[in-house]
Amino acid sequence: MAEVKSGPGFYKARDSTLVAVMRRNGALAADYARRHRIARWHDDAEAVIAAPDIDAIYIATLTDSHRDYTLRCAASGKAVYVEKPMAMNPAECREMIAACAEAGVKLWVGYYRRALPRFLKVRDLVADGAIGDVRLVRSQQFARLPAASAFAGGAVPWRVDPALSGGGFFFEAVCHTFDFLDFLFGPIEDLHGVAGNKAGAWRPEDTVVASYRFASGVFGCGAWCYAADHDFEMNEIVGSRGSLSFSTSEPLPIRLVRGGQIEEIAIADPPHVHQPLIQTIVDELNGVGRCPSTGESGARTAAVMDRLLTGFVAGPTR
């Protein structure tokens, strides 16, 4: 995350400087600072939180510590950019929003697709009426179970440990889709769904289905299964005069279908996918514009995820 997707964006964004980095392993923090030419590194978060020359702090830890670090940053008068999922549950999100509001500091969430060019193109096509009036949106994701080696190597376990991540693959990844749909169509007003664990490979959910209605009147539905026999992920927006298909997770071409014709629109993601959103944060701090991914929008997405998983009780692993 910090090595490629986000970290370099903080010192490559216009009018921004990455002042210091922190990791509990001081040797790794020092190595990161050396390679990225950052002046200071620390192995204690308090050194960053209390620093008088830092305006905003990026929290890229696991979900279980987002609330605590956000509250500490707010108490120190620092603006916060926190990774997604925003917190373990909506109650923590509300605490974070309240703490930042009371301290008079900004709170942003790392739903960077709200500023990526590929996703802004989808937004513009919808807004410009490329597919007519939007009727519904459908999301699907299927994935094979990870190999045993992925668990042994440490890449998977935290993502399916609810005590660290808040849920499973669905909770950790599909929040990006729901947040972008919130960006397109506004808040979800009516929501129905069911979640379960079909394969028994881990404790949290591996299969979810849902239907919903946005405040704008657009209908939506989705199905996600992380114990399937193949890998596939796509969103389709259906309108009165055509449809749009796009991937949340991969930089695939946008597919526009209308009048029996198919047009593919290829827009590559930038090297550091957080950088466009980081730029909106820097600009807002400098009094120019606003970042589109706020604590309030992040909390709405957290509420949707929570409602879909309510009623599912994680069972034991095999």
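Predicted model: local features only at pLDDT ≥ 70, side-chain atom pairs only at ≥ 80, totals over all residues.
1. Helix 5 (90-103) and helix 11 (residues 295-309) pack at an angle of about 170 degrees, with their axes 9 Å apart. That angle makes helix 5 roughly antiparallel to helix 11, given that angles under 35 degrees count as roughly parallel, over 145 as roughly antiparallel, 65 to 115 as roughly perpendicular and the rest as oblique. The axes are lines fitted to C-alpha atoms, for helices over the stretch in contact, and the angles run from 0 to 180 degrees between N-to-C directions. Helices (H or I, at least four residues) and strands (E, at least two) are DSSP runs, numbered from the N terminus.

2. Residues are numbered from 1 along each chain as its sequence is written, and side-chain values use heavy atoms, with hydrogens and water left out.

3. Which residues make the contact of helix 5 with helix 11? From helix 5 come Pro-90, Cys-93 and Ile-97, and they meet Gly-295, Glu-296, Ala-299, Ala-302, Ala-303 and Asp-306 in helix 11, where contact means heavy atoms within 4.5 Å. These residues divide into 6 nonpolar, 1 polar and 2 charged; Ala, Val, Leu, Ile, Met, Phe, Trp, Tyr, Cys and Pro count as nonpolar, Asp, Glu, Lys and Arg as charged, and the others, Gly among them, as polar.

4. Helix 5 also packs with helix 4, at an angle of about 5 degrees and with the axes 9 Å apart, which makes helix 4 roughly parallel to helix 5. Here His-66, Arg-67, Thr-70, Leu-71 and Ala-74 in helix 4 meet Glu-92, Glu-95, Met-96, Ala-99, Cys-100 and Ala-103 in helix 5, and by class this contact has 6 nonpolar, 2 polar and 3 charged residues.

5. In helix 4 (residues 66-75), the residues His-66, Tyr-69, Thr-70, Cys-73 and Ala-74 are buried, where buried means under 20% relative accessible area, exposed over 50%, and partly exposed in between (1.4 Å probe, protein chains only). They cover an arc of only 135 degrees around the axis, which puts them on the same side of helix 4; the arc is that of the directions from the helix axis to the C-beta atoms. What covers them includes helix 3 (45-49), strand 3 (56-59), strand 4 (79-82), helix 5 and strand 5 (107-109). Just after helix 4, Gly-77 takes a positive phi of about 80 degrees.

6. Thr-70 deserves a separate look, since this residue of helix 4 is buried with a relative accessible area of 0%. Not counting residues up to four places away in sequence, Thr-70 touches Ile-59, Val-80, Val-82, Met-96, Cys-100 and Leu-107.

7. Helix 6 (residues 117-127) has Arg-118, Phe-119, Val-122, Leu-125 and Val-126 buried, and these fall within an arc of 115 degrees when seen down the axis, so they line one face of the helix. Their cover includes helix 9, strand 6 (134-144), strand 10 (232-239), strand 11 (243-246), strand 12 (254-258) and strand 13 (261-265). Helix 6 is followed by Gly-129, whose phi is positive, near 80 degrees.

8. Phe-185 touches Val-126, Val-134, Val-137, Phe-214, Ser-216, Val-218 and Ile-237, leaving out residues up to four places away in sequence.

9. Some backbone angles are worth checking, because most residues other than glycine have a negative phi, and most peptide bonds are trans. Asp-15 has a positive phi near 65 degrees, sits in the loop between helix 1 (7-12) and strand 1 (20-22), and is exposed at 60% relative accessible area. Arg-37 has a positive phi of about 60 degrees, lies in the loop between helix 2 (26-36) and strand 2 (40-42), and is exposed at 79%. The peptide bond from Lys-84 to Pro-85 is cis, with omega near -15 degrees, and Pro-85 is found in the loop between strand 4 and helix 5.
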